[in-house]
Amino acid sequence: MSDSVFRNYIAGEWVEGNKGQVINISPADISDVIGNYAQADKVQTEAAIAAAAVGQAEWAKSGLEQRYSVLMAIGDELIARKDELGELLAREEGKTLAEGVGETYRSGQFFHYYAAEVLRQMGETADSVRPGIEIETRREPVGVVGIITPWNFPTATGAWKIAPALAFGNAVVWKPANQVPASAWALTEIISRQGLPAGTFNLVMGPGSEVGDVLINSRGINALTFTGSLETGRKVAAATAINLVKCQLEMGSKNALVVLDDADLDNAVECAVGGAFGGTGQKCTASSRLIVTEGIHDRFVEAMIERMKKLVVGHPLKPGVHIGAVADARQMEQNLHYLEIAKKEGGNLIFGGEVLTEETEGYYMQPALFTETTNQMTINREEAFAPIASIIRVKDYNEALATLNDTNFGLTGGICTESLKYATDFKRNAKTGCVMVNLPTAGTDYHVPFGGRKDSSFGPREQGSYAKEFYTVVKTTYIRG
């Protein structure tokens with residue numbers, strides 16, 4: 001599209017926003033205007049939901065090879081355009097070009113995976129306990145799926161929700177985060193060219209207070225999947241429960257990486273740096289708590305400082321940059337707020353934390369590392385979503401495990417050790433949905449389930465074959481011969 005305003009996509013048509021438009025500005029260069037994006041209102045969101053019901057009825061009747069071809073085509077184009085779309089993603093979100101390209105490529109893989117899942121939809125048969133009766137079970141589409149995604153993975157989070165929704169015969173109404181509309185629009189433009197029945201896929205960009213509110217309270221939605229903050233997730237759960245709408249939530253985290261005395265020091269440092277500071281620390285899987293046993297503590301701290309000195313912060317499109325821009329001014333303010341709280345509560349800031357000035361005016365911050373923190377400090381209880389890591393010194397493995405589990409969250413947990421005994425025990429007893437051994441806590445595959453425990457997740461798992469638990473309903477049929 002050549003229009004100056006990037007429109008919403010409702011009922012198979014590109015439409016202007018009833019609430020005007022927002023300007024999308026790069027956090028890495030506030031003079032870089034990416035575009036103007038339409039804003040939907042309550043009326044348009046309700047129209048998208050109604051259109052989705054019509055489109056879904058037709059899409060559910062589509063042949064498996066048709067669905068397979070559509071999803072494969074979307075995945076093919078994402079991968080073929082990974083450099084172009086990855087650059088767009090990096091510009092609007094602030095992550096590095098390599099991270100943007102990687103996210104786009106991974107998004108294509110999600111569509112490819114669920115294209116294959118289309119052809120793996122099998123039912124089951126059983127004999128009844130009553131003579132002369134046979135039983136069949138099959139999965140059918142849940143219906144209209146509302147999707148609300150965050151700003152930190154604008155393409156991938158959408159992809160891993162949209163792909164299974166379409167694969168299993170559902171219709172979609174997608175509300176992306178208003179901070180990152182460009183990547184969502186680009187994915188929608190690809191989907192719009194796949195010949196789906198009108199209304200099967202809808203993009204409604206706009207404020208959460210209006211568009212999101214309609215989605216979570218609508219009786220026309222059959223399932224609602226949300227990724228975002230714990231506070232908002234609780235509101236989503238309460239609203240969908242009233243209408244008995246199926247709900248899936250991925251929310252906050254406060255992940256930890258345990259480093260034991262016997263760990264390979266170099267690998268432990270790489271796991272800590274990659275997990276804590278990748279994506280500017282703006283990952284739900286980031287390891288912001290580094291729990292280190294006393295025998296290796298001092299060496300680990302020294303090695304972390306030396307490694308962090310080599311990290312290059314700068315414009316995400318600039319070669320050699322490891323860490324891009326913070327998402328926006330509000331996020332930067334929150335980051336600095338948590339730094340000050342950590343200092344006041346007794347944390348020792350031994351590296352970084354400074355606001356940086358680059359060639360372009362944007363939101364840049366030197367990654368920060370604290371020592372002498374306890375697990376009860378605010379910095380270790382609340383999700384800062386920042387390039388800030390804090391080290392917690394513990395006596396031994398048992399104290400490390402107890403500290404890791406002492407949190408309201410439970411998304412990912414990692415351990416660095418050469419001990420099979422401790423690794424095995426950790427895998428069994430870490431109260432997290434994902435466990436990493438000698439790997440960063442950030443970094444998951446697309447073909448296996450993803451999700452957490454406690455305040456991190458609610459509802460069925462995302463990704464892999466487990467996604468069908470959310471995107472389908474089971475029908476049991478009894479047949480007398």
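Predicted model: local features only at pLDDT ≥ 70, side-chain atom pairs only at ≥ 80, totals over all residues.

Visitor: Okay, at what angle do helix 9 and helix 10 pack?

Guide: Helix 9 (residues 265-277) and helix 10 (residues 294-309) pack at about 55°, with axes 10 Å apart. That makes helix 9 oblique to helix 10. Under 35 degrees counts as roughly parallel, over 145 as roughly antiparallel, 65 to 115 as roughly perpendicular, and the rest as oblique.

Visitor: Which residues of helix 9 and helix 10 make the contact?

Guide: On helix 9, they include Leu265, Val269 and Phe277, and on helix 10 they include Ile296, Phe300 and Met308. Contact here means heavy atoms within 4.5 Å. By class, the contact of helix 9 with helix 10 has 11 nonpolar, no polar and three charged residues.

Visitor: And how do helix 1 and helix 7 pack?

Guide: Helix 1 (residues 42-59) packs with helix 7 at an angle of about 35°, and their axes are 9 Å apart. Lys42, Thr45, Glu46 and Ile49 in helix 1 meet Glu210, Val211, Val214 and Leu215 in helix 7. That contact of helix 1 with helix 7 has four nonpolar, one polar and three charged residues.

Visitor: New topic. What volume does the largest pocket have?

Guide: About 1,400 Å³. On a 1 Å grid over the protein atoms alone, a pocket is an open set of points with protein on both sides within 12 Å along at least five of seven lines, a cavity is a set where a 1.4 Å probe fits but cannot get out, and lining residues have an atom within 4 Å of a point.

Visitor: Which residues lie nearest the centre of the largest pocket?

Guide: Trp151, Gly228, Ser229, Thr232 and Arg330, out of 38 lining residues. Helix 7 (208-217), strand 11 (223-227), helix 8 (230-242) and helix 11 (329-344) each give two or more residues to that lining.

Visitor: How many cavities are there?

Guide: Five of 30 Å³ or more. The largest cavity has a volume of about 90 Å³. It is lined by 13 residues, and Gly281, Ala286, Ser288, Glu383 and Phe385 are the closest to its centre. The lining of the largest cavity divides into six nonpolar, four polar and three charged residues.

Key
Residues numbered from 1 in each chain as written. Heavy atoms only, no water. Axes fitted to C-alpha atoms, helices over the stretch in contact; angles between N-to-C directions. Helix = DSSP H or I, 4+ residues; strand = E, 2+ residues; numbered from the N terminus. Nonpolar A, V, L, I, M, F, W, Y, C, P; charged D, E, K, R; others polar. Points joined across faces, edges and corners; volume = space filled by probe spheres on them.
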